[in-house]
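Happy to go through this one with you.

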Amino acid sequence: AKSSEGTASFKTPTPENPIRICWNENPLGMSPKAQAVARETVAQGNRYPFTSTGELQNLIAADYGVPADHVLLTAGATEGIRAAIEALAAPDVQLVLPALTFDAAEENAKVNGITKITKVPMLKDWGIDLPAMKKAVADYDGPSVVYFVNPNNPTGAICKADDVEAWIKSKPAKTIFLMDEAYAEFADDKNFRSCAPLLKEGAENIVLLKTFSKLFAMAGMRVGWVVSTPEMVGKLREKTASNALNFPAVKAAIASWKDKEFIKLSRASNKTSREILLQALHALKFDYVPSNTNFIFHKVSVPLAEYQKHMKDAGILVGRAFPPADEYCRVSLGTPEEMTYVAKTMLELRKKGLV
Ligand code: PLP
């Protein structure tokens with residue numbers, strides 16, 4: 001039935017059925033083609049997925065223009081990050097990362113005996129301080145692992161490709177760059193580029209970490225991939241649960257990779273939702289970090305816990321706290337219908353004097 005708020009699929013949220021814009025999920029649901037093939041594949045759950053796993057690996061490698069042994073499939077980018085940290089961990093290794101970024105690399109470093117963790121303070125605009133990152137590497141005698149999320153989470157900001165590439169190409173001694181591009185496909189800023197072409201050109205100091213969770217709306221299926229040198233891929237493979245991927249997920253990933261229409265929709269829908277939220281942020285005069293992702297990091301006028309509660313009472317779950325950015329809220333982008341409702345709610349809270 002059509003609700004008064006919009007399309008047939010949109011339902012006014014309730015505490016039991018909230019609008020979930022707290023975990024940077026893709027609200028569209030998987031590509032219909034991926035859903036259909038995943039369902040069919042459940043009936044073949046008695047079979048090992050080897051052939052399809054190989055097909056997915058080949059598909060990905062072909063798009064990057066590298067041989068298949070440069071690609072490793074992982075259970076989400078999370079497994080790629082963990083495997084990379086475990087493969088590279090050593091008593092003298094330093095992990096360098098921005099103070100505010102996705103936490104998996106740091107968490108894995110801590111449990112894998114990396115004691116030197118250098119967190120580089122953010123710039124005033126919440127961008128990554130590249131000169132300071134470089135200095136942290138240059139000032140250290142031992143090997144460095146740089147974890148670099150571009151565009152970054154939770155800020156949504158990009159780091160200029162020209163600068164990032166120049167640093168990678170300068171080949172700092174004993175340094176490996178873990179380039180996490182989970183959100184790259186949502187970036188519109190012309191200064192952003194994926195580092196993937198460097199891998200095609202033969203770069204030996206990059207581990208590119210990718211996921212089917214965001215653009216492809218497959219977070220629950222747990223599929224990701226790594227692109228690097230065959231030697232590095234071999235090292236990471238030793239740290240992954242081999243053959244960990246399940247057959248329906250692999251089949252869904254293949255279908256999603258080929259579904260250009262869904263990819264276009266996924267980007268377009270995200271862009272529309274971003275515009276809707278930006279309008280509300282402008283109306284409320286909330287500062288924000290320009291977003292190149294499927295979320296926006298914006299300032300709130302009241303303590304975050306209070307803001308979260310007002311939104312939750314209205315059936316909307318926004319992001320957690322991200323210290324040291326204590327005045328900021330990370331809002332993932334739902335469907336345009338959901339974001340219209342979110343924007344309306346925000347303006348109503350302002351009218352009531354609550355935000
Ligand atoms: N890398 C970044 C920057 C992320 O934000 C996330 C998830 O939010 C991940 C990796 C993990 O993704 P996956 O679902 O593929 O494990």
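The chain is divided into domain 1 (19-30 + 261-351) and domain 2 (32-258), with bounds from an automatic or database domain assignment. This is a predicted model, where local features need pLDDT of at least 70 and side-chain atom pairs count only at pLDDT 80 or more, while totals for chains, interfaces and linings use all residues. Residues are numbered from 1 along each chain as its sequence is written, and side-chain values use heavy atoms, leaving out hydrogens and water.

Q: How do you know that domain 1 and domain 2 are in contact?
A: Contact means heavy atoms within 4.5 Å. By that rule, 27 residues of domain 1 touch 31 residues of domain 2.

Q: What makes up the area buried between domain 1 and domain 2?
A: Buried area is the accessible area (1.4 Å probe) that two parts lose on being put together, summed over both. Here that comes to about 2,400 Å², with carbon and sulfur atoms giving 60%. On the domain 1 side, Met 30, Ile 263 and Asn 292 lose the most area to domain 2, together 32% of what that side buries.

Q: Why is the pair Arg 320 and Asp 103 called a salt bridge?
A: The term requires a side-chain nitrogen of Lys or Arg within 4 Å of a carboxyl oxygen of Asp or Glu. The closest N and O atoms of Arg 320 and Asp 103 are 3.7 Å apart, so the pair qualifies. Across the interface of domain 1 and domain 2, the rule finds two salt bridges.
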